[in-house]
Amino acid sequence: MDARPRASLRRVLEDLGSTVLDVAASPGDLDAEVTGVHIYDPLDEPLLHEGALVLAVGVDSAERIRALLDAAGPAAGIVVKQPVEIDEPLRAKVRETGVAVLGLTRAASWAQVAALLRSLLAELRDPLLDESPDGLFSLANAVCALLDAPVTIEDRSSRVLAYSERQEEADPGRVATVLGRQVPERYRRMLEEGGVFRRLYQSREPIYIELHDEGINRAAVAVRSGDEILGSIWAAVREPLSEQRRRALADAAKIVALQLLRQRAGADTSRRLRADLLSTVLAGGRDAAEAAGRLGVASERLCVLAAQLTEEAYDDAARLESDRQRFCDALALHVGAIHPKAAAALVGSVAYAVLPLQAGGQEEARAVRVAESFLTRVGPRHAANIGVGRLAADLAEVARSRADADRALRVLRARGASGQAAGYTSVHFEALLLQFSDLVRAEKQAPTGPYERLLAYDAEHGSELVATLRAYLDAFGDVNAAAARVHVHANTFRYRLKRLTEIGGLDLTDPDARLSVMLQMRIFGR
């Protein structure tokens with residue numbers, strides 16, 4: 001049995017993530033093997049290889065998708081741009097042909113998606129994982145030989161990292177695990193309810209698990225680094241291991257731990273390098289050009305996106321940090337599908353992306369649409385906001401675009417927003433007010449003039465003159481509308497308005513006086 005990962009349609013979707021591709025219509029399962037990528041041209045006869053993933057450029061209606069499904073023959077799936085028109089005849093055609101319809105994010109470039117898919121398929125067929133003596137697949141095969149049993153290596157979420165040969169000797173549960181690269185939910189729930197994971201992670205020795213009528217029994221051992229659980233090794237066995245094999249399994253867990261730590265260290269180093277290079281690009285200094293070259297990003301016509309998770313939803317710092325990285329990885333994949341010279345990295349708690357844009361006007365608005373598309377796709381998993389900076393003509397202006405993006409993101413946070421994107425120009429005034437507020441706090445300034453007098457009177461007498469003034473200004477001087485806002489009769493409101501002008505010494509007919517008190521209300525926020 002070939003121990004390499006199979007390039008199934010399901011695996012392609014898992015590895016690319018739903019930020020780029022998702023399933024619009026499924027024939028039932030997604031286990032069809034993907035053998036290559038084909039770009040559809042309506043002027044050519046569609047001679048497709050078995051397992052081809054068809055990029056249906058320009059196909060934008062249910063009728064045309066049905067026609068392409070008839071012509072797709074042995075294809076594994078067809079990809080169309082979102083939004084995808086799915087009706088019942090199309091669903092029936094998908095079931096009839098067995099060819100899945102996938103939706104591609106609207107902002108993605110077909111050329112870049114084709115490159116991403118080809119790169120992914122090449123990676124899945126590349127023997128780096130299992131041919132290297134240090135690879136997890138080689139380790140799984142070695143443990144299989146020692147235990148005389150098929151083996152899987154899994155992470156903490158029961159996702160399969162590697163598996164050995166001879167999986168055909170195991171039970172249907174193991175086969176489903178290997179095909180899906182994840183322990184099926186039914187089996188995972190059964191193990192959790194039976195306390196198996198608790199036993200496994202509390203023990204430093206292999207444990208034996210009887211599955212009774214659920215399949216072949218298992219021997220398992222936790223893979224750990226000190227007190228940190230990295231994953232586990234599972235062997236399908238028909239009887240408890242001998243002492244010699246127990247020792248072999250325990251020793252194998254230590255070697256697997258080293259390999260997982262090496263892989264993690266490599267990934268962390270790569271991420272740190274990418275973050276350092278992108279930080280240099282965002283600073284826009286003399287080293288920006290060299291950093292951009294090393295990172296492979298464009299140097300002209302760039303927009304900076306600043307994306308941040310809504311952290312109020314988290315009470316677990318470790319989970320927040322983990323989700324930040326997943327969120328950033330998804331953003332990198334999303335912008336990478338749109339332009340080959342885009343890049344993203346996590347800098348502190350903010351995921352920054354540098355997105356090149358072709359000439360055509362409305363660049364900031366186009367970048368906002370990219371951000372909104374991304375937030376829509378990750379929304380079910382990650383609540384976040386994205387600020388978008390103005391277009392930078394070259395690397396020298398990237399620092400300004402980054403500052404714009406940071407300010408737009410701050411405005412969204414100040415609003416208490418979640419799942420929203422905003423361009424700097426659309427929130428310019430609010431951003432300026434926040435900057436004024438920072439200056440006021442830094443210099444420890446306090447309200448002055450009529451506003452100060454009204455605040456003092458309200459504090460001393462328990463009145464609501466400031467609330468009355470705010471309602472009046474917000475209603476553009478419409479007394480009836482303002483009275484309704486504060487839930488009083490219009491005559492009562494007029495009386496309060498007269499009192500506040502007398503007490504505050506405020507001339508509401510003077511536009512400069514109105515502007516002064518309005519700005520103080522916004523800046524001091526009282």
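**Helix packing, buried faces and local backbone features**

In the contact of helix 2 with helix 3, Ala62, Ile65, Arg66, Leu69 and Asp70 of helix 2 meet Pro89, Leu90, Lys93, Val94 and Thr97 of helix 3, where contact means heavy atoms within 4.5 Å. By class, this contact has six nonpolar, one polar and three charged residues; Ala, Val, Leu, Ile, Met, Phe, Trp, Tyr, Cys and Pro count as nonpolar, Asp, Glu, Lys and Arg as charged, and the others, Gly among them, as polar. The model is predicted, so local features need pLDDT of at least 70 and side-chain atom pairs count only at pLDDT 80 or more, whereas totals for chains, interfaces and linings use all residues. Residues are numbered from 1 along each chain as its sequence is written, and side-chain values use heavy atoms, with hydrogens and water left out.

The crossing of helix 2 past helix 3 is left-handed, meaning that the near helix is turned anticlockwise from the far one by less than a right angle.

Helix 15 contributes Phe429, Glu430, Leu433, Phe436, Ser437 and Val440 to the contact, and helix 20 contributes Leu519, Arg522, Ile523 and Phe524. By class, seven nonpolar, one polar and two charged residues make up the contact of helix 15 with helix 20.

In helix 11 (residues 288-295), Ala288, Ala291, Ala292 and Leu295 are buried; buried means under 20% relative accessible area, exposed over 50% and partly exposed in between, with a 1.4 Å probe and protein chains only. Seen down the axis of helix 11, the buried residues fall within an arc of 100 degrees, so they line one face of the helix. The arc is that of the directions from the helix axis to the C-beta atoms. The face turned away from the buried side of helix 11 carries the exposed residues Ala289, Glu290, Gly293 and Arg294. Just after helix 11, Gly296 takes a positive phi of about 80 degrees.

Helix 8 (residues 185-193) has Tyr187, Arg188 and Leu191 as buried residues. Seen down the axis of helix 8, these residues fall within an arc of 100 degrees, so they line one face of the helix. Glu185 and Glu193 are exposed on the other side of helix 8. The cover over the buried residues of helix 8 includes helix 7 (172-180), helix 9 (196-202), strand 8 (207-209) and strand 10. Helix 8 is followed by Gly195, with a positive phi near 75 degrees.

Leu230 lies in strand 10 (residues 228-236) and is buried, with a relative accessible area of 13%. Leaving aside neighbours within four places in sequence, Leu230 is in contact with residues including Asp155, Val223, Ala257 and Leu260. Asp171, in the loop between strand 7 (160-163) and helix 7, counts as buried at 5% relative accessibility. With neighbours within four places in sequence left aside, Asp171 is in contact with Gly215, Ile216 and Arg218. Asp171 and Ala236 are 65 residues apart in sequence, and their C-alpha atoms are 8.2 Å apart in space.

Further local backbone features were found in the model. The peptide bond from Gln82 to Pro83 is cis, with omega near -5 degrees, and Pro83 lies in the loop between strand 4 (77-81) and helix 3. Arg301, although not a glycine, has a positive phi of about 50 degrees. Arg301 is part of strand 11 (residues 300-309) and counts as partly exposed at 27% relative accessibility. Lys444 is likewise not a glycine and has a positive phi of about 55 degrees. Lys444 is placed in the loop between helix 15 and helix 16 (449-461) and is exposed, with a relative accessible area of 77%.

Terms used:
Helix = DSSP H or I, 4+ residues; strand = E, 2+ residues; numbered from the N terminus.
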